[in-house]
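Hi,

Here is the structure I promised to pass on. Have a look at it first, and then read my notes below.

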Amino acid sequence: MPSVAHCRQERPADRTLDAAVAGGGGAVVCQVAAGLGGVGKTQLAAALADRLWVGGGLDLLVWVSATSRSGVVTAFAQAADVTGVEDPDAEQAAARFLAWLAATSRRWLVVLDDVTDPNDLHRLWPPTTQVGRTVVTTRSTDSALTAGRQVITVGVFTPTESLDYLTAKLARVPGRLDEAADLAEDLGHLPLALAQAAAYILDRASMTCASYRRRFTDRRRHLVDLAPRVLPDDYPYPVAVTWSLSIDRADSFPPVGVARPVLELAAVLDPNGIPTEVFTTPDVQTYLSDRNGGPVDVDDITDALDNLARLSLITTDSVAGVVRVHGLLQRVVREATSTNHTAELAVTAANALHNIWPDIERDREHAQALRANTTALHTHTASLLWKTPNGVHQVLFTSGRSLGETGQVTAAIAYFHTLHESAAQHLGPDHPHTLTARGNLASWRGEAGDAAGAAAAYEDLLAGFLRVLGPDHPHTLTARSNLAHWRGEAGDAVGAAAAFEDLLADRLRVLGPNHPDTLTARSNLAGWSGEAGDAVGAAAAFEDLLADRLRVLGPNHPHTLTARGNLASWRGEAGDAAGAAAAYEDLLADFLRVLGPDHPHTLTTRNNLAAMRGQAGDPAAAAAAFEDLLADRLRVLGPDHPHTLATRNNLASWRGEAGDAVGAAAAYEDLLADFLRVLGPGHSHTLATRNNLAYWRERVMP
């Protein structure tokens, strides 16, 4: 939550917010604070939250940066910790949190700050209860936001409020307030502009309102051509002029010339929270050094951020590790940034975001911040991210995959649908990146349960790759691999094996026997041959493959470790369960050492070890291992991921084999409901779960 501004003035809107609960008793209708930018809507909500929290009037306070649906879902998912249920799937966690709000007797306040699109809140509105409150801040007057809710219109300061504010900020130094009322009039009584002017005056020992007005008038004369196109609201002159003065001042502090380009970088990112680490990445240091004509290091950048905060151009939150910038200031800075810098600035920001994106996302809030900043960057820089030497910046693909990997698979599908349309517009329908976006869209459809649809999409996509890139291009061969995979996942193991056999021949011809893609094709062929019924042949193929991976990649390469796992698996399927369990135990130690406990390969190895222990005759140990694994799958992958669902299936099965038929039946009943929701009634996994449920129900019957 943003801090309450120093010397903030109480306004009639504060009393309107408070009056809603002054009488007590009835439920509070959701309140919407609406108004133009810079009038203090967010501060109004922050002051209310502060009063209620400090005064002991709340048990739960949730502040949401509501500029996107993904941001709201992520914030609600974090807040769902109060339910006591670990549910890492963001959409489900958000729904669980809203249900908790509806049922709890605890006093709560949810602030939805800076709502831009009412559609983002579809099925996400907090409930109306006797103990809860919802406050929305927005520039929109859309009836979808305001209908049935108390609307509080927030405008500029009155002349009295303007003077009271400047008096509170400046009166400790005699003479500062000379011409204060005139300055307030110059600035249109806009709270944001008054705060900026006050910060500038306080930074100069001899500055008064009168001397600031002289500078303001002179600067305004120079900005007359810029001002009319600066802002969408009715305040182009005051904001543009006050910020122009403050930016010059911040840029004059050591290290001279660094603050302005740092602010330009912040202006193309998310105003509600930019990870501070973005500003200190090597790409940003290089960009700032080029702009400054000399080396700029991390300390210089930190000093520049401090200088910007000193002039109230940004706010920094060291606890959250973020920098915030007002959206209106961002607009002014973007309009004033030289076109000579915009393209390099956009790519620098994209590089910084991409470089700090973790391979495995463990922090949901951090991942959401990266996605929000990528969205803001893409919005503000328009086509610039589509004009890189390679076509489109990879951060756009990374952001979409992040959505799916954090459990928002439906959102990932929508994201890649839009990205594909944008790619077709900017690059043309046959550009490799346009085709890659189609591939991502198909894959997430498959991950959402539509394996047959994914296979059909890849079949169409393959035709495009063949036409554009030819049969031997790596992207074409990868599309063939993905098509074969989703055919197998859709139930056609024999067809998948045949497709991988054909693919292997072409990869041997094009890439040679030792190329990683060739070895991967051999692995896929062996795996799907086993799924098609030839367990002995699969084991033999993986034994040969392991020897080659050891020779080419070494013993610690993830692909070598994976080959060891596949060999153990098919040995077990071929009848040697005890030997497979022993092999998996050795392999798990190496995966933990090389990749760590949360890597997908490590989790898969734990899954396979547990299964082989059960097949080797110890069902109780298998059930216990699957129970431990499920907790980690939920934490890392979320409840709807295919691996999580498979772990639940295995846990239910081995509980039954260990003697708990009742528990197995109950677990399969819950699992079937989720398979129906995620994969649909016709999916092979759903049908298998129905069969398992019937089996264990029959075992329960006397």
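Keep in mind that this is a predicted model. I started with helix H3, residues 69-79, which is mostly covered: of its eleven residues, nine are buried. The buried ones are Ser-70, Gly-71, Val-72, Val-73, Thr-74, Ala-75, Phe-76, Ala-77 and Ala-79.

So what do the buried residues of H3 pack against? Two strands are on the list, E2 (60-65) and E3 (108-115). The helices there are H4 (90-103), H16 (364-381) and H17 (395-405).

Next, the sheet. Five strands make up an open sheet with parallel pairing, in the order E2-E3-E4-E1-E5. E2 and E5 (150-153) are the edge strands, each pairing on one side only. From one strand to the next, the twist averages 15°.

Val-111 stands opposite Val-135 of E4.

As for what packs on the sheet, H3 does, touching E2 and E3. The direction of H3 makes about 160° with that of E2. Helix H2 (residues 41-54) lies across E1 (31-34), E2, E3 and E4, and runs at about 160° to E4.

Cheers

Technical notes: Residues are numbered from 1 along each chain as its sequence is written. This is a predicted model: local features need pLDDT of at least 70, side-chain atom pairs count only at pLDDT 80 or more; totals for chains, interfaces and linings use all residues. Side-chain values use heavy atoms; hydrogens and water are left out. Buried means under 20% relative accessible area, exposed over 50%, partly exposed in between (1.4 Å probe, protein chains only). Helices (H or I, at least four residues) and strands (E, at least two) are DSSP runs, numbered from the N terminus. Contact means heavy atoms within 4.5 Å. Two strands pair if DSSP finds at least two bridges between them. Axes are lines fitted to C-alpha atoms, for helices over the stretch in contact, and angles run from 0 to 180 degrees between N-to-C directions.
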